[in-house]
Amino acid sequence: MPICEGLAMTPLLSAPGLLPGLSLKLEYQNPSLSIKHRSLPKTLLERARAGRVRRDTTLVIMTAGSAGVSVAWAASQIGCQALLLMPDGAPDSVVNYARWLGAEVERRPHPQLQELLDAHRGMPGSHVVEQLSDAELIGHYREVGEELLRQAPGLAAVTVSAGTCASLMGIAEALAPAGVPVYAVEPAEAAVLSGEPWRPHNIPGLAPPAPTRLFRREAVAGVVPVASELAWSTAREAMAACGEPVGPSSGAAIAAARILRGRGVDGAIVAVCSSHMVTSL
């Protein structure tokens, strides 16, 4: 097993050029390029130590991108196989990196992916990673919130983009005792957490077609919808202002921070930057 599973602490970057009082939590500086590295590898490595995952196991996950890279990374450390079930439109950059890490990648239309995942649930030797429903994944994301309490005392708000909602819930749990409000960010075109029906959108990693079972509305201060076009344009602004290649989900979190400021939220705000732009291109 590896000695080092991730960074000791990801950086917090002040970004007044984007919004006075705004800081960016650069979670894509983890080894597998996203916030998913906080939980998926650690959870799978714990299961390997407990004998639930072995070298002859195949880790199987249905993923739009970043989670697949984290599972592929974990498999490379455990010494087992990984099978990533990805939609047809998954970025080549993610697919190529996952394959370089040793994973097998199947690209299919979403209904076929669900059928493949269901088939693997009953296969001997397959360990299906249920990132839309496995509450065990939430706990490791608490580290992000705990770091923020040390890095940015006196926080007024934190924005977190919502996909499976595991990271959102973990961060919210960590910050709740300190009274720091956490806001969920979702695509305006697919505002499912706000009660709207799912529709196609262009913010990779957010609002997957299959609904998450991990979201608890009472755990967050609010939900902020952000249009896909605004998420991408804000990510480009971040590159110009800070030199950081944040992905569109991070752009959405930054845009949400600006929206909150416009609603009267004063003080320091942190936008959690979940993934690197390279995983979305």
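Mentor: Let us begin with strand 10 (residues 268-273), which is mostly covered, five of its six residues being buried. Buried means under 20% relative accessible area, exposed over 50%, and partly exposed in between, with a 1.4 Å probe and protein chains only. Helices (H or I, at least four residues) and strands (E, at least two) are DSSP runs, numbered from the N terminus. This is a predicted model, in which local features need pLDDT of at least 70 and side-chain atom pairs count only at pLDDT 80 or more, while totals for chains, interfaces and linings use all residues. Residues are numbered from 1 along each chain as its sequence is written, and side-chain values use heavy atoms, with hydrogens and water left out.

Trainee: Which strands does strand 10 pair with in the parallel sense?

Mentor: Two strands pair if DSSP finds at least two bridges between them. Strand 2 runs parallel to strand 10 and is joined to it by five bridges; L26 has C273 as its bridge partner there. Strand 7 also pairs with strand 10 in the parallel sense, over four bridges, and A157 is partnered by I269.

Trainee: What is the strand order of the open sheet of four strands?

Mentor: The order is 5-4-3-6, with parallel pairing. Strand 5 (104-108) and strand 6 (126-128) stand at the edges with a single partner strand each, so one side of each has no neighbour in the sheet. On average, neighbouring strands of this sheet are turned by 20° against each other, direction ignored. Axes are lines fitted to C-alpha atoms, for helices over the stretch in contact, and angles run from 0 to 180 degrees between N-to-C directions. Strand 3 (residues 58-62) and strand 6 run parallel and are joined by three bridges, with T58 opposite S126.

Trainee: Which helix lies across strand 3 and strand 4?

Mentor: Helix 2 (residues 66-78) does, running at about 170° to strand 4 (81-87). Contact here means heavy atoms within 4.5 Å.

Trainee: Where does a positive phi occur in a residue that is not a glycine?

Mentor: Most residues other than glycine have a negative phi. L33 has a positive phi of about 70° and is found in the loop between strand 2 (22-26) and helix 1 (40-49). C165 has a positive phi of about 80° and lies in the loop between strand 7 (155-161) and helix 6 (166-175). C165 is buried, with a relative accessible area of 2%.

Trainee: Is E229 buried or exposed?

Mentor: E229, in helix 7 (residues 228-242), counts as exposed at 68% relative accessibility. Its C-alpha atom is separated by 9.4 Å from that of H201, 28 residues apart along the chain.

Trainee: How much space lies in the largest pocket?

Mentor: On a 1 Å grid over the protein atoms alone, a pocket is an open set of points with protein on both sides within 12 Å along at least five of seven lines, and lining residues have an atom within 4 Å of a point. Grid points are joined across faces, edges and corners, and a volume is the space filled by probe spheres set on the points. The largest pocket holds about 900 Å³. Of its 41 lining residues, the closest to its centre are A64, G65, P204, G205 and L206. Helix 2 and helix 4 (110-121) each supply at least two residues of this lining.

Notes. On a 1 Å grid over the protein atoms alone, a cavity is a set of points where a 1.4 Å probe fits but cannot get out, and a pocket is an open set with protein on both sides within 12 Å along at least five of seven lines; lining residues have an atom within 4 Å of a point.
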